[in-house]
Amino acid sequence: MLYFLTRSPLSTAGLVITIFYVLLAIFGPIIVGGNPEFMREVLYYNGQYIYNTPLPPQPAFPFGTTYGGFDIFNGVVKGARIDLEVSALVVFSGALIGSVLGAIAGYVGGTVSDVIMRITDIFLSIPFIVLAVVLLLVLGKTLTSMVEALVIVWWPFYTRLVRGQVLTAREHKYVEASVAAGASPFRTVLRHILPNSIYPIYVQVSLDFGNVILTLASLDFLGFGFAGQNLAEWGNIIGLATAGGGGVETITSYWWTILIPGLVLLILVVSLNILGDGIRDVTDPRSRM
Amino acid sequence: MKLYVYVIRRLILLIPVILGVTVITFILSHADIGLLIAGYEGKTRSLAARLIVIHELHLNGPVYVQFFYYFTNLFTGKWGYLSPTEPVDAGTPVFTEFLRRFPPTAELSIIATIFVIALGLPLGVLSGVKKDRGVDHATRLAAMVGVSIPTFWIGLLILILIGPKGPLPHFLQVTTEGQIDFLKYGFTSSGTLQPWVAVSGASGISRPTGFMLVDTLLYGDVPAFLDALEHVIWPALVVALTSFGVITRFMRSSMLETLGLDYIRTARSKGLPEKIVIKKHARRNAYGATTTVMGLFFAGLLSGVTVTEYVFGWPGMGQWLYTAAARADLVSVMATTFVFTIVIVIANLIVDLIYSYLDPRVRLD
């Protein structure tokens, strides 16, 4: 698959940038040092108290500083780990829970399927950000509850997807053969149906990495993250830009506090989406057309 | 199946969904009983008030009794009261606040949807027709960036762009906070009070619809209408930018699928001009298929609207949701959740009905 993926220059670029971010997530916090979860705070620079005056990009602070005297470069590098960690946790748990439920709904059918799918429909009718905010209010503001809330938001997409896949796959002859050979439903689903309907799940997983990161950043921007304002998460860093008060006028003067962390976030999400599209093209040539 | 039978069937199927939605909001709002009771106490915080609330909501009864009273309260507009920590409107019934907050959100969403339909759909068609050409690549890239861009970030960037110190020429700059500059039209400017100035029911002046664009026109106040338009355009653009990608991509792929079908070849081989083939034969069918993803699109759009409202200070449901959540005002948060969900359920229903009208085959099963 890697071979086919690298045939397209766009997918290759997506892959390379994604790998760069993954490496950044692993080694970045070690290189810049300090607590891997929190940004470096510089209150005095050149004898000046800079808590309320963000400094523009300069050699000492490549990306400048933001309100609270936080070093944006430091925060952005450490943010890679938190964002990728949370999105990996959410996407994999969401995909696992959703796929199991979807497989049950698709294979068993009948009332079980109806009940599961109605619940899925209800979850899908609540705007995901709204649902996440409600869950965070109920669960509390910690990193664990953030992950839990996002998993609760994310599983229904997979249930719907996998059910559709299983419904198509179970009509095939090899499933009939497996049942006729006396395999248990569990074995039939696990060994025969799921492996044959796994590619759309891969695609969805790769696309969802970006979506989860976006949602996480939005929630942190809105102030529903955990552990206060020094969390090194990209949305939180952008949120700090508006923390000074003063509305439009102040954010206009300190454009780098918004532009730079946002670009870092955007580049990763675009690469992840390009990569997801690339994987889809490779695994399902029909969609290329 | 006749169309009306299908409509009735879909309406009946709506009941379990709405019931399910209320079950979920019930579970969530009863997860923290303390917050729930506080939400129904209103301005007074006392043991007596708390006991009255517990009695009224039957919180000492079994769960199904609690659910029954929750359900009745929900559908009779007894949604609790705004938190006393709310700086301006402490103790206002949540339902009243909802009536005030809903029109701005609806206005913003409708304008954004118009943008998406007017720009996103034609782009998708164009991209499908001109496959693998420059236009196609540009559109696909734009759609890709559109779905990847963080709503709050592009909102802030646009604020910087159009703000007072932004790089845009002066005549394009606007006061960007909130809906409209009330001071400009209030008692201060000309000494005459424009009728729609009443924001929250002040001095008995009525706002017929709550929609700024409609109200200003109803009162024949053109400058105010233009001002309102100026304020809604930018947030609507932000919402449209971040949500058009889904529709454009789907429209492109269903265009491609339709263009590969036999009847298109027939139409072409009988000598119809390409323009007619695309306009009359292909595009219509592709529209039909695109309607099916509108449901998910609306859910995404409303998520975008809530964030945009927060960024632009738009006085709608989304901003209410975030300020309420920050103050742990549970009843307000649950009210917005319920309203958003019901809106999406109804939007899905309408989309389904339109689809069944466009494509009678779906009524067969």
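Tutor: Let's begin with an inventory: chain A holds twelve helices and four strands. Keep in mind that this is a predicted model.

Student: What is the mean pLDDT of chain A, and which of its elements have the lowest and highest values?

Tutor: pLDDT is the predictor's confidence in each residue. Here the mean for chain A is 80, with 93% of residues at 70 or more. Helix H11 (residues 247-253) of chain A has the lowest mean among the elements, 66, while helix H3 (residues 72-108) of chain A has the highest, 86.

Student: How many residues does helix H6 of chain A have, and where does H6(A) bend?

Tutor: Compare its reach with what its residue count predicts. H6 (residues 143-169) of chain A has 27 residues and reaches 38 Å from first C-alpha to last, close to the expected 39 Å.

Student: How do I read the side of chain A that touches chain B?

Tutor: The size of an interface is often given as the accessible area lost when the parts come together. Here we can count residues instead: 40 of chain A are in contact with 47 of chain B. Helices H4, H5, H9, H11 and H12 of chain A each give two or more residues to that side. H12(A) gives the most, eight.

Student: How many residues on that side are nonpolar, polar or charged?

Tutor: The side of chain A that touches chain B has 28 nonpolar, nine polar and three charged residues.

Student: And what percentage of chain A counts as buried?

Tutor: Of its 289 residues, 50% do.

Notes. Residues are numbered from 1 along each chain as its sequence is written. Chains are lettered from A and ligands numbered from 1 in the order in which they are written. This is a predicted model: local features need pLDDT of at least 70, side-chain atom pairs count only at pLDDT 80 or more; totals for chains, interfaces and linings use all residues. The expected span of a helix is 1.5 Å times one less than its number of residues. pLDDT is the predictor's confidence in each residue, from 0 to 100. Two residues are in contact if their C-beta atoms, placed from the backbone, lie within 7 Å. Ala, Val, Leu, Ile, Met, Phe, Trp, Tyr, Cys and Pro count as nonpolar, Asp, Glu, Lys and Arg as charged, and the others, Gly among them, as polar. A residue is buried if 20 or more other C-beta atoms lie within 10 Å of its own, exposed if 12 or fewer, and partly exposed in between; C-beta atoms are placed from the backbone.
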